[in-house]
Amino acid sequence: MDLSKLISLQRIDKQLIALEITKGDLPEIVQQLEGRLVSCTNRLSNSKSELEEAKKTGRANENEIDELYEKLMKYQEQSYSVKTNKEYDAITIEIETIENRIEENEKKKADLIHLVKENRETVGELEKQVTELEEEFSQKQLELKEKLSQTESEELRLTKERELVTEQIEKRLLNNYNRIRNGTNGIALSEVTNYTCDECFATIPAQTAVEVRMKNRIILCEACGRILVPRETLEAQPALT
Ligand SMILES: [Zn+2]
């Protein structure tokens, strides 16, 4: 069983993992910041609409108050020139109705002024948050871009090398390798040192260790499920040219 290509593949994959690690959590931070920025911008836009709506209602209410005062003045003028008690009673009722409506609208006015003030404060706070997030986002994005440009050529070289190696590996073996990688943080092969699995430190039975050294078939670590390879095989593997 030829494990050499698989060993080359793991060597490349380990270097790719190391590259990912040098990027750190920057890609994640940038993504999170972008998400926060989008949601904050949406909230700002909603608050602005609410503010406009409150202002509009406030203006309509004030217009109504003005109109009511005009009517009130008209009735009050008329009340001086009424001739009969019946006319006087009728006009008094009109005046009372208008006065009540004015009182209601004045109360509404106070509430609306408060609402506009509140909405204005919310808009101001959100605008500040959006500005801060935009600054933080573009700064982290720039950092990430710089870091990516450092690792990009290396990553490209390794990816090409990986393609060349995988082409030479039997499909079923490659599928196994990839499946094991997915469940083992990207490391599918493990050396056996002193009857121990180097990756999970489980003890390997002597008979198994002998079989591993013979390299006749694929043997998996019973504890972690990785493909076991003889000691020093990984390091002894010559660099792929
Ligand atoms: Zn193991």
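In what order do the 3 strands of the open sheet come? Keep that in mind while I say that what we have here is a predicted model.

Okay, the sheet. The order is β2-β1-β3, and the pairing is mixed. At the edges you find β2, residues 196-197, and β3, residues 227-230, and each of those pairs on one side only. Now look at β1, residues 189-193: with β3 it pairs in the parallel sense, over 4 bridges.

Let's go to the helices α1 and α3. Helix α1 covers residues 4-23 and α3 covers 85-167. They pack at an angle of about 165 degrees, with their axes 10 Å apart. Angles over 145 degrees count as roughly antiparallel, so α1 and α3 are roughly antiparallel to each other. Their crossing is left-handed.

Who meets whom? On the α1 side, the residues include Leu9, Ile12, Leu16 and Leu19. On the α3 side, among them are Glu154, Glu155, Leu158, Arg162 and Val165. Taken as a whole, the residues of this contact split into 6 nonpolar, 5 polar and 7 charged.

Last bit, the overall layout. The protein is divided into domain 1, 12-167, and domain 2, 169-236.

Technical notes: Residues are numbered from 1 along each chain as its sequence is written. This is a predicted model: local features need pLDDT of at least 70, side-chain atom pairs count only at pLDDT 80 or more; totals for chains, interfaces and linings use all residues. Axes are lines fitted to C-alpha atoms, for helices over the stretch in contact, and angles run from 0 to 180 degrees between N-to-C directions. Helices (H or I, at least four residues) and strands (E, at least two) are DSSP runs, numbered from the N terminus. Angles under 35 degrees count as roughly parallel, over 145 as roughly antiparallel, 65 to 115 as roughly perpendicular and the rest as oblique. A crossing is left-handed if the near helix is turned anticlockwise from the far one by less than a right angle, and right-handed if clockwise. Two residues are in contact if their C-beta atoms, placed from the backbone, lie within 7 Å. Ala, Val, Leu, Ile, Met, Phe, Trp, Tyr, Cys and Pro count as nonpolar, Asp, Glu, Lys and Arg as charged, and the others, Gly among them, as polar. Domain bounds come from an automatic or database domain assignment. Two strands pair if DSSP finds at least two bridges between them.
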